[in-house]
Amino acid sequence: MSLVKGRTCSESCMELLSLELVHYYARQNNIPAPAAVEAIGFRVGRQLAERYTANRARLGEPLEVIKFICKEFWAAAFRKQVDNLRTNHRGTFVLKDAAFRWLSKLSVDPLPPGVPAGPSPVAELARDYLILPCALIRGALVHLGVEATVTADASNLPACDFTINIKSRN
Amino acid sequence: MDAINAEIFTLTYGSMVRQLIADLEDVNEVNKQLDTMGYNIGIRLIDEFLAKSKTGKCIDFRDTADKIAKVGFKMFLNTSAAVANWNADSTECSLILEDNPLTDFVELPENYAGLSYCNVLCGVIRGALEMVNINVSCSFVKDVLRGDDVSELRLKLLSQMHETYPYKDDD
């Protein structure tokens, strides 16, 4: 079942906005860029989760919430489902998206001749652009009652791994 | 064009405006930054517009305004604007937005009455046109969020640089 309904806009609107968002905060010297982008994404994640779950029964266990994120939430926000979900059964979940939509147009400027390339220039660049989606996911999780940290690893683009670490409840 | 549900875009935009207000603490500065961000978006967006809109060269500024209102807004925001209030020289007009997705979930508190929430659109139009050698100024003169009946963008042609080579057949 798709959660996408109502008004549409072109995908490039979202691409251009998130691109400029990263660029804007990179230009500011006095504002910590990751924190600002994270705050923006976190709010949106909460709002989206609220809207996407308005007409359904409450999600209970964290596993149920994670499954919802992998399927419905991912499809609505990132246009496809997560391809693979793995867990260590101790609160860590790895969500693998074989072709993460938001990074599909990422490309690295070619280095000038003679300059040695770093370990993974694309992953380095992708880090800035992954703050927003990670925050989005974290916001959605928190709204659904799961406190967690979300990190992403894009060293095998176009595939991207998102790691969710649920904070243990004492 | 690939379409997505607009809410993720409009909510992200709203969250960004909120963050700018928190960071900059001055609505005039926020308006300015939104315009600059729009400009940076516009200079990229024009490529996609030219590549995908399949429209020809604009005959005059009236034609340009029409294409922005009917093709541009439709392509990106899936809405359209009306062009109205031309001046006698055809260098100034208004784009009237009756239906603006950016404002879908928005209400402005009274103390932010000076905020031009959709100012990014002005920057986008200015930046996109600059890439095709048309210099314009663009600003909101009416805004539904501030209690007006419609949102109205005033578009003013400042200068137009003509490419001379090799378009001899126009002479």
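1. Helices α3 and α4 of chain A are oblique to each other, because they pack at an angle of about 130 degrees. (Angles under 35 degrees count as roughly parallel, over 145 as roughly antiparallel, 65 to 115 as roughly perpendicular and the rest as oblique.) The two axes are 11 Å apart, with α3(A) covering residues 62-78 and α4(A) residues 121-143. Axes here are lines fitted to C-alpha atoms, for helices over the stretch in contact, and angles run from 0 to 180 degrees between N-to-C directions.

2. A word on the model before going on: it is predicted, so to speak of local features pLDDT must be at least 70, side-chain atom pairs count only at pLDDT 80 or more, and totals for chains, interfaces and linings use all residues. Residues are numbered from 1 along each chain as its sequence is written, while chains are lettered from A and ligands numbered from 1 in the order in which they are written. Helices (H or I, at least four residues) and strands (E, at least two) are DSSP runs, numbered from the N terminus.

3. Back to that helix pair. From α3(A), A:Val65, A:Ile69, A:Phe73 and A:Ala77 meet A:Leu136, A:Ile137, A:Ala140 and A:Leu141 of α4(A). By class, this contact has eight nonpolar residues, no polar and no charged ones. (Ala, Val, Leu, Ile, Met, Phe, Trp, Tyr, Cys and Pro count as nonpolar, Asp, Glu, Lys and Arg as charged, and the others, Gly among them, as polar.)

4. Strands β2(A), residues 84-87, and β3(A), residues 92-97, run antiparallel and are joined by four bridges; strands pair if DSSP finds at least two bridges between them. A:Arg86 has A:Val94 as its bridge partner. Four residues lie between the two strands, and A:His89 in the turn has a positive phi of about 60 degrees.

5. Chain B holds an open sheet of four strands, ordered β2-β3-β5-β4, with antiparallel pairing. Its edge strands are β2(B), residues 82-84, and β4(B), residues 134-142, each pairing on one side only. On average, neighbouring strands are turned by 30 degrees against each other, direction ignored. Three bridges join β2(B) to β3(B), residues 92-97, including B:Ala82 with B:Ile96 and B:Ala84 with B:Ser94. Between β3(B) and β5(B) there are six bridges, and B:Glu92 stands opposite B:Lys156 in β5(B).

6. Which strands does α3(B) touch as it packs on the sheet? It touches β2, β3, β4 and β5 (151-160) of chain B, and its direction makes about 150 degrees with that of β2(B). Helix α4(B), residues 120-130, lies across β4 and β5 of chain B and runs at about 165 degrees to β4(B).

7. Finally, the two chains meet: 27 residues of chain B are in contact with 28 of chain A (C-beta atoms, placed from the backbone, within 7 Å). On the chain B side, β1 (3-5), α1 (6-24), α2 (27-52) and α3 (61-77) each give two or more residues, and α1(B) gives the most, with 11. That side has 16 nonpolar, six polar and five charged residues. Three bridges also join β1(A), residues 8-10, to β1(B) in an antiparallel run, and there A:Cys9 has B:Ile4 as its bridge partner.
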